[in-house]
Amino acid sequence: MKETPLSNCERRFLLRAIEEKKRLDGRQTYDYRNIRISFGTDYGCCIVELGKTRVLGQVSCELVSPKLNRATEGILFFNLELSQMAAPAFEPGRQSDLLVKLNRLLERCLRNSKCIDTESLCVVAGEKVWQIRVDLHLLNHDGNIIDAASIAAIVALCHFRRPDVSVQGEEVTLYTPEERDPVPLSIHHMPICISFAFFQQGTYLLVDPNEREERVMDGLLVIAMNKHREICTIQSSGGIMLLKDQVSALTSFPLRGLSSEDLLLLYMF
């Protein structure tokens with residue numbers, strides 16, 4: 001990924017503003033950008049806007065054979081794509097280090113945290129299970145891709161409905177939406193990523209960095225939590241050393257603009 005570098009004047013200006021606890025978009029240190037969620041005509045289709053960062057989420061499913069060591073569990077697959085439509089710096093047809101890191105973090109946040117009941121996706125043990133695929137497309141990049149992508153993924157999964165099935169002997173019957181109402185996924189909890197950017201070797205901290213702030217930050221800490229503030233995954237990059245007490249304090253920060261009521265609205269689907 002090739003980015004146009006910031007000039008020294010821009011870099012100094014951004015860092016000076018952060019030192020004075022000012023941000024270019026008028027937010028305070030712990031202010032989260034406004035979140036807007038809209039839905040498509042199909043189940044499992046949504047667009048999440050985090051400020052000017054926009055991510056399209058689309059969930060699909062198909063009946064497949066289970067993994068040999070998971071005969072009674074369905075399969076979850078996540079795929080995030082970064083296109084030049086989102087930002088000219090993204091190179092088409094090439095898996096950048098950023099893309100690999102984001103996809104791995106999404107899998108840890110959503111699949112490894114067991115937020116979806118994969119055993120409920122089993123149709124015939126050892127023969128037929130549902131494979132749930134979550135495709136995420138970055139439509140516009142203005143920083144903090146992982147937070148927007150994690151929200152889009154869990155919202156799309158909550159909104160999704162799979163076809164109903166019945167099993168008689170060895171025969172599996174798949175029903176259309178007209179024949180039987182589609183079935184929602186069984187969701188245990190809803191982990192969402194919260195990103196903290198560090199500057200001047202950890203002296204200054206910002207929540208939900210935008211694209212320009214990301215370009216001058218020294219490190220990034222991503223914490224995935226659910227509504228009970230249980231940590232589902234955590235990842236630190238940039239070489240900033242943090243103590244256990246510091247991480248514990250970050251999980252209890254009141255994030256202005258992202259209240260618990262906002263997250264609870266996701267449970268109303």
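**Questions on the predicted model**

Trainee: Is C115 buried or exposed, and what is its relative accessible area?

Mentor: This is a predicted model, in which local features need pLDDT of at least 70, side-chain atom pairs count only at pLDDT 80 or more, and totals for chains, interfaces and linings use all residues. Residues are numbered from 1 along each chain as its sequence is written, and side-chain values use heavy atoms, leaving out hydrogens and water. Buried means under 20% relative accessible area, exposed over 50%, and partly exposed in between (1.4 Å probe, protein chains only). C115 is buried, since its relative accessible area is 1%.

Trainee: How far is the sulfur of C115 from the closest cysteine sulfur?

Mentor: A disulfide is a pair of cysteine sulfur atoms within 2.5 Å, and a search of the whole structure finds 0 of them. For C115, the closest cysteine sulfur belongs to C109 and is too far for a bond, at a distance of 7.2 Å.

Trainee: Where is the cysteine sulfur nearest to that of C193?

Mentor: C193 is buried, because its relative accessibility is 0%. It is in no disulfide, and the nearest cysteine sulfur, 3.8 Å away, is that of C109.

Trainee: How many helices and strands does the protein have, and what share of its residues count as buried?

Mentor: Helices (H or I, at least four residues) and strands (E, at least two) are DSSP runs numbered from the N terminus, and the protein has 6 helices and 14 strands. Of its 269 residues, the share that count as buried is 45%.

Trainee: What span should helix α1 have, and what separates its end C-alpha atoms?

Mentor: The expected span is 1.5 Å times one less than the number of residues. For the 12 residues of α1 (residues 8-19) this gives 16 Å, and the end C-alpha atoms agree, being apart by 16 Å.

Trainee: Within what arc do the buried residues of α1 fall?

Mentor: The buried residues of α1 are L14, L15, A17 and I18. They line one face of the helix, because the directions from the axis to their C-beta atoms fall within an arc of 160°.

Trainee: Which elements pack against the buried residues of α1?

Mentor: On the other side of α1, N8, C9, R12, F13 and R16 are exposed. The buried residues make contacts, meaning heavy atoms within 4.5 Å, with β11 (192-199), β12 (204-207) and α4 (211-216).

Trainee: How many of the residues of α3 are buried?

Mentor: From its first C-alpha to its last, α3 reaches 21 Å, close to the 21 Å expected for 15 residues. The helix is largely enclosed by the rest of the structure, because its buried residues number 15 of the 15.

Trainee: Which side chain forms a polar contact with that of D164?

Mentor: D164, in the loop between β7 (161-162) and β8 (165-168), is buried because its relative accessibility is 17%. Its C-alpha atom is 5.5 Å from that of P182, 18 residues apart along the chain. A polar contact is a pair of N or O atoms within 3.5 Å; within protein, one must be able to donate a hydrogen and the other to accept it, and residues adjacent in sequence count only if both atoms are side-chain atoms. Here the distance is 3.4 Å and the partner of D164 is R180.

Trainee: Which side chain makes a polar contact with that of S166?

Mentor: S166 is found in strand β8 and counts as buried because its relative accessibility is 16%. Leaving out residues up to four places away in sequence, S166 touches E171, V172, T173, Y175 and R180. The polar contact, at 2.8 Å, is with the side chain of Y175.

Trainee: What is the phi of K114?

Mentor: Most residues other than glycine have a negative phi. K114 lies in the loop between α2 (97-111) and β5 (122-124), and is exposed because its relative accessible area is 52%. Its phi is positive, near 60°.
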